[in-house]
Amino acid sequence: MSQLIEVRDIAKSYRQRQGSQTVKALGGVSFSVQRGEVLGLLGPNGAGKTTTIKTICGLIVPDSGTVTIDGFDVQRERLKALRSISAVLEGNRNLYWRLTVRENLEYFAGNRGASRRQVRAQIEELLRQFRLADKGNELVNHLSRGMQQKLAIAVALLAGSEIILLDEPTLGLDVEAGYEVRQLLRDIANNQGRTLIISSHDMPVVQDLCQRVVIISGGRVVADDQVSNLLKLFATRAYQVTLGAPLSSAQLSRLQARFTASIDHPAKTVVRVNLEHGEDIYELIEILRLERTPVEAIDRTTINFEQVFLQVINGAKPLEETHAL
Ligand SMILES: Nc1ncnc2c1ncn2[C@@H]1O[C@H](COP(=O)(O)OP(=O)(O)OP(=O)(O)O)[C@@H](O)[C@H]1O
Ligand SMILES: [Mg+2]
């Protein structure tokens, strides 16, 4: 697979509305996306996800750095670079609110050389697939948020672009609409060979759809890896220690000063920790030894992607080698 999208060292600061102060949104972000890949772009609020996506689709000019799409520079060869991109941004800005659902689809199907009949058939198929058939003649501003989001994705699909950028596609949707959008995106990802970049806070969506994730925090890339790799890497660090007696306050404060630990007291005291290095377990044992606290079990725990994400943005480094115990 060749690199379809190359984001190289992009930086962007915004000027504050009042005064001359600036906010640094991106401080040198680089990553690349291969043809056919489904990439998750993650990060906490304000990390720079939307800025990155808008820079890729040419809506924001970076202060420095470049983005190339299939070898074409988005700033210098704009038309050629953007030919293969559609974007579904926050707020469904790619729809005409005063046109009906069908009119929007007809408008965006545009002039792609297909016959009128082919376009009609494609639109009817999309309406069916997106379960919008009974809303075909409804004005867009009368649709629910979930329906608008589905239509925005349908419009992006109809343009036939090889690359689709989606900024928070499930944000603000109820469980059912969120699930439906996720199914649609899964179909697109699996069956149509398109290249997707999906920014999301919704970790099950990411875990479900994306092969690889780029995690940004404070305008910098803090992880760039396969989802399965990150899960494996962090799974080897997550331990659950069951104790035969409660921890003393001295033990507790040492534990919390040294580790990110959660402590449960159901019938037993159970400590859950993520160890950054294999040998950190000795320090944990050392703390337990202070009061000769009986250890009943030490288990590795399963970890979900949400926990991995939180670890990464809290500074744990995913790319170093972990030492198996
Ligand atoms: N138009 C703007 N003017 C000034 N500052 C901005 C503007 N757009 C974004 N920012 C700032 O840039 C930083 C990155 O914002 P961005 O919207 O890219 O983050 P994000 O990762 O998409 O966040 P969220 O998860 O909340 O959508 C934030 O500090 C934000 O306040
Ligand atoms: Mg955003």
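User: How many residues has helix 5, and how far does helix 5 reach from its first C-alpha to its last?

Analyst: A word on the model comes before the answer. It is a predicted model, in which local features need pLDDT of at least 70 and side-chain atom pairs count only at pLDDT 80 or more, while totals for chains, interfaces and linings use all residues. Residues are numbered from 1 along each chain as its sequence is written, and chains are lettered from A and ligands numbered from 1 in the order in which they are written.
Helices (H or I, at least four residues) and strands (E, at least two) are DSSP runs, numbered from the N terminus. The expected span of a helix is 1.5 Å times one less than its number of residues. Helix 5 (residues 145-158) has 14 residues and reaches 20 Å, close to the 20 Å expected. Gly160, which follows helix 5, has a positive phi near 75 degrees.

User: Is helix 5 mostly covered or mostly open, and what covers its buried residues?

Analyst: A residue is buried if 20 or more other C-beta atoms lie within 10 Å of its own, exposed if 12 or fewer, and partly exposed in between, with C-beta atoms placed from the backbone. An α-helix has 3.6 residues a turn, so residues three or four places apart point the same way.
Helix 5 is mostly covered, since 12 of its 14 residues are buried. Among them are Met147, Leu151, Val155 and Leu158. The covering elements include strand 6 (85-88), strand 7 (163-167), helix 3 (101-109), helix 4 (116-129) and helix 6 (175-191); contact requires the C-beta atoms, placed from the backbone, to lie within 7 Å.

User: In what order do the strands of the sheet with edge strands 2 and 5 lie?

Analyst: Strands of a sheet pair through backbone hydrogen bonds, either parallel or antiparallel. Two strands count as paired if DSSP finds at least two bridges between them.
Here 4 strands form an open sheet in the order 2-1-4-5, with antiparallel pairing. Strand 2 (22-34) and strand 5 (72-73) are the edge strands, each pairing on one side only. Strand 1 (residues 3-15) is joined to strand 2 by 10 bridges and to strand 4 (residues 64-69) by 5 bridges. As for individual pairs, Ile10 has Val29 in strand 2 as its bridge partner, Arg8 stands opposite Thr66 in strand 4, and Glu6 is partnered by Thr68 in strand 4. The hairpin of strand 1 and strand 2 has 6 residues between the strands, and there Gly19 takes a positive phi near 75 degrees.

User: Which strands does helix 1 lie across, and at what angle does helix 1 run to strand 1?

Analyst: Axes are lines fitted to C-alpha atoms, for helices over the stretch in contact, and angles run from 0 to 180 degrees between N-to-C directions. Helix 1 (residues 49-56) lies across strand 1, strand 2 and strand 4, and runs at about 120 degrees to strand 1. Of its 8 residues, 6 are buried, including Lys49, Thr51 and Ile53. Just after helix 1, Gly58 has a positive phi of about 80 degrees.

User: Which element gives the most to the shell around ligand 1?

Analyst: A residue is placed near a molecule if its C-beta atom, placed from the backbone, lies within 6 Å of it. Helix 1 gives the most to this shell, with 3 residues. Ligand 1 is surrounded by residues including Tyr14, Val23, Ala25, Asn45, Lys49, Thr50 and Thr51.
The shell divides into 4 nonpolar, 6 polar and 1 charged residues. In this division Ala, Val, Leu, Ile, Met, Phe, Trp, Tyr, Cys and Pro count as nonpolar, Asp, Glu, Lys and Arg as charged, and the others, Gly among them, as polar.

User: Where do Asp9 and Arg131 lie, and what is phi in each?

Analyst: Asp9 lies in strand 1 and has a phi near 55 degrees, a positive value in a residue other than glycine. Arg131 lies in the loop between helix 4 and helix 5, and its phi, near 50 degrees, is likewise positive in a residue other than glycine.

Terms used
Two residues are in contact if their C-beta atoms, placed from the backbone, lie within 7 Å.
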